[in-house]
Amino acid sequence: MLENIDGDSQLAELYWNMSTAYFYKNEYLNVIDYGVKSIEIFRELGDSLRVADNYTTLGSAHKYLGHRKEALEYNLHSVELMKQYGKPTDYATSLYALGNYYMETKEYDKCEAYYLEALTILEGADSPGKLADMYFNMGVLSVVKKRIDESSGFYEKSLSLYQALGDEASYPKVWTAIGYNFYVQGKFVKAKSYYLKAEQELSTASSAYSYCYNLASLSRTEYRLKNYRSALDYAEKMERVANDVGVLRFSIDAQVLFRQVYDAQGDLSKAYTSLQLFHKLSDSLQNIEKEKVVKELTIKYETELKEKEIEKLTSEKKAQEQEVLLATSEKNAYRVGIMLAVALAIAVSAFFAQRQKASQLRSQQVLTERNVRIDALLKEQEVSSLNALIEGQEKERMRIAEELHDRLGSMLSAIKLNFIGSTVKKDMEQKSTENETVKTSQMLDEAVTEVRRISHNLSTGQVSRYGLVSSMDDLAARINQSDSVAMKVMHFNLEERLPVEMETGIYRITQEMLANVLKHAQASEFIVQLNKTENSVILTAEDDGIGFDYKEARRKAGIGLQNIENRVKKFGGQFSVDTAPGKGAVFTFEFPLEA
């Protein structure tokens, strides 16, 4: 239907508008489809500026789809064309988009270089709206690079421009950002004042995402101030808004906040309920994302089939036209031959017999080519189906692994710990009961080990999904419910995630340490500290148990210590042990970070 529009320029403009509309609907495969069509026409028309506009949009679409190579290529092409053909502000916009790409890939120095170049241009141009946005994003980058004072300066400049423009809708995002700066500095009262200003202006009508994010920030701040009732109120409000507008991510965040507050209040029953709901909602989010991927693949596949069908029909139409033209030519030639001379009848008959044979050969060739195209389409369809099936199997393996590890594994561990805690209180003279208890405990040990083994074979577990800090907190919460040992986790400078393999390795080491404490240490407290420095990550695990002879343990080459040493070597790290019989144990690990 679109192809019936008069004029290539109008058609290209329509494709461009379709691409932009799909971008705001987050349907990035359609963005790419219509953007590429628009580029082809604009390129033929010699409109390099509109080609550059499309490049910028396609770069962002590929970035959100995780296609880093394509995203970088489109952004670089956009910068090149905008520099040649665009206005300074257009060029600055393309630089800003390229900077956003490097922000996404965490190449912050490159991001800053392009941001600064764009900022220099905008500060010399009459474009206060774009300059205000640029100041705000410079503030975000400064926070990432831990230059808090510089970040606050950029935010103030941004807010001043928004106020001069009367852009009241942009005030809350700046207030929320300034509040976060005070939060990370530990100035929670000051942070709260800015979050409250933002909350007065925000609503679900303006931006459900920003509204929920600000409520979550208020809840965390009240938690830090130990105002637990207020922390719960803000979390409950965020949960209601998230449920009303269908923002599942913040419904999940609400359960995390509930669990933290209930845990701090000592209400372990409610904390455990929140943890269960957290897992349930996380599974729902994963299923939604799976359906979205399947839908995107289906749209892409159907689009390819339509394009190939159009190409096939066009080819067949041309072949039919050629056949009609050929038949007409043959008929006219026959009439002329009859009129010229009967004497040439035999020659003409022979000539047309030969032509008919050639026509049959061409028809056979066309039929053969058509069959080849059909076979190719069927093979492509088969490959696409297989790829979709494989992808679905991989996601299903991940889901099963997470359920085994996060649910069944943790439940079995909790059952064992509660069971041991209760049997310790029984009469020491009931030997037969104790023997049965030991046998049952051994069976539970085997079940927990088997679940973990299956989970490890299928997936890297919950760490890759939720991150090291969240996984550590969940581990501590499960252990503390058993009353066997008090586990405490402290972390510093871990606002950003580490490489997934390193996070998984650190988590597994902590699990090994915890297993040794539960089996051998007879400890009442187990403290884990995580600290990220400029060049390394330091893990300290300490217990107040009976200690042990480390040299003797090394000589016996226990499996637990071997696993720990192997994991440390894998990441090029090192560790030390401070222990002796009767004095507890302190393990210190250091893992280098890539420069």
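Predicted model: local features only at pLDDT ≥ 70, side-chain atom pairs only at ≥ 80, totals over all residues.
Residues are numbered from 1 along each chain as its sequence is written, and side-chain values use heavy atoms, with hydrogens and water left out. Local features need pLDDT of at least 70 and side-chain atom pairs count only at pLDDT 80 or more, whereas totals for chains, interfaces and linings use all residues.

The axes of helix α18 (residues 468-480) and helix α19 (residues 500-521) come within 10 Å and cross at roughly 20°; the two helices are therefore roughly parallel (angles under 35 degrees). The contact (heavy atoms within 4.5 Å) involves Leu-468, Ser-471, Met-472, Leu-475, Arg-478 and Ile-479 of α18, and Glu-503, Ile-506, Tyr-507, Thr-510, Gln-511 and Leu-514 of α19. By class, seven of these residues are nonpolar, three polar and two charged.

The whole structure holds 21 aromatic pairs (ring centres within 6.5 Å; planes under 30 degrees apart count as stacked). Phe-548 and Phe-587 are stacked, at 6.3 Å centre to centre and 25° between the planes. Phe-548 lies in the loop between β3 (536-543) and α20 (550-556), and Phe-587 lies 39 residues away in strand β5 (residues 585-592). Phe-548 is partly exposed, with a relative accessible area of 26%, whereas Phe-587 is buried at 5% (buried, under 20%; exposed, over 50%; partly exposed, in between; 1.4 Å probe, protein chains only).

A second stacked pair is formed by Phe-575 and Phe-589, with 5.3 Å between centres and 20° between planes. Phe-575 is in strand β4 (residues 574-579) and Phe-589 in β5, so the pair ties together parts 14 residues apart in sequence. Phe-575 is partly exposed, at 25%, and Phe-589 is buried, at 0%.

Terms used
Axes fitted to C-alpha atoms, helices over the stretch in contact; angles between N-to-C directions. Helix = DSSP H or I, 4+ residues; strand = E, 2+ residues; numbered from the N terminus. Parallel < 35°, antiparallel > 145°, perpendicular 65-115°, else oblique. Nonpolar A, V, L, I, M, F, W, Y, C, P; charged D, E, K, R; others polar. Phe/Tyr/Trp six-rings, centres within 6.5 Å; stacked < 30°, edge-to-face > 60°.
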